[in-house]
Amino acid sequence: MSGADIPVVHMLERRLFPVDAWPLRMFHDELAQAQTRHYVVAEVAGEIVGYAGLMCIEPIADVQTIAVVPECEGKGIGSALLTELIAESARRSAADVLLEVRADNPRAQGLYRRFGFEQIHVRPRYYRDGVDALIMRLQLQDSSPASGLASRQGSTQATTDHLAATEADTP
């Protein structure tokens, strides 16, 4: 994500999260902190259809946001975005990736579970409309030298390759 992407991302943010949308300034502030932040966009035919962001302060990475427009759901874009955030977490030597997800969003919860996230806590009434947040964690490093990270990195490369092929098909 670049500064030039922010107006479109903010428009999508307001559309996708009308109650909890980030203010425009927050996106600028996040991009200005490149040492601890990583933001990406997904494009189809040159148009932004998704975005995601990560904050990483070792040893914890935290998914700040992830969104895909409804008309592009189910096409692997959310998985590709999440894969990139997990890969960036590993590059930054995070031991764990955390995120909050709405308790009333089973589709997103299912995505996170497929990636190995486990629910570790509930934040009651976290969202402005009173919905609880489920706190989920993915452990990237464990006590054994051969953790599951290698297999996740393999799937990360496959998804990244798929994204690159998709992007190559767009003008």
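Is Cys72 buried or exposed? Select Cys72 to start: this residue is buried, at a relative accessible area of 10%. Keep in mind as you click around that the model is predicted.

Next, go to the core. Show Leu81, Leu82, Tyr112 and Phe117, the residues that touch the most other members of the largest nonpolar core, a set of 40 residues. Elements that each supply at least two residues of this core include helix 1 (6-16), helix 3 (77-91) and strand 2 (47-57). Strand 2 contributes the most, with six residues. Centre on Leu81 and display its contacts: beyond four places in sequence, they include Val40, Tyr51, Ala52, Ile66 and Val68.

Time for charges: there are eleven salt bridges in the whole structure.

- Arg25 and Asp29: their closest N and O atoms are 3.1 Å apart. Both sit in helix 2 (residues 24-31), about one turn of the helix from each other. Arg25 is exposed at 52%, while Asp29 is partly exposed at 34%.
- Glu88 and Arg92: this salt bridge spans 2.6 Å, N to O. Glu88 is buried at 9%, whereas Arg92 is partly exposed at 22%.
- Glu100 and Arg123: here the closest N and O atoms are 2.8 Å apart. The pair links strand 4 to strand 5 (residues 118-123), across 23 residues.

Finish by selecting Asp20, Arg102, Asp104 and Asp129, which salt bridges with shared partners join into one network.

How values were computed:
Residues numbered from 1 in each chain as written. Predicted model: local features only at pLDDT ≥ 70, side-chain atom pairs only at ≥ 80, totals over all residues. Heavy atoms only, no water. Core = buried A, V, L, I, M, F, W, Y, C linked by side-chain atoms within 4.5 Å. Buried < 20%, exposed > 50% of the residue type's maximum accessible area, 1.4 Å probe, protein only. Helix = DSSP H or I, 4+ residues; strand = E, 2+ residues; numbered from the N terminus. Contact = heavy atoms within 4.5 Å. Salt bridge = Lys/Arg side-chain N within 4 Å of Asp/Glu carboxyl O.
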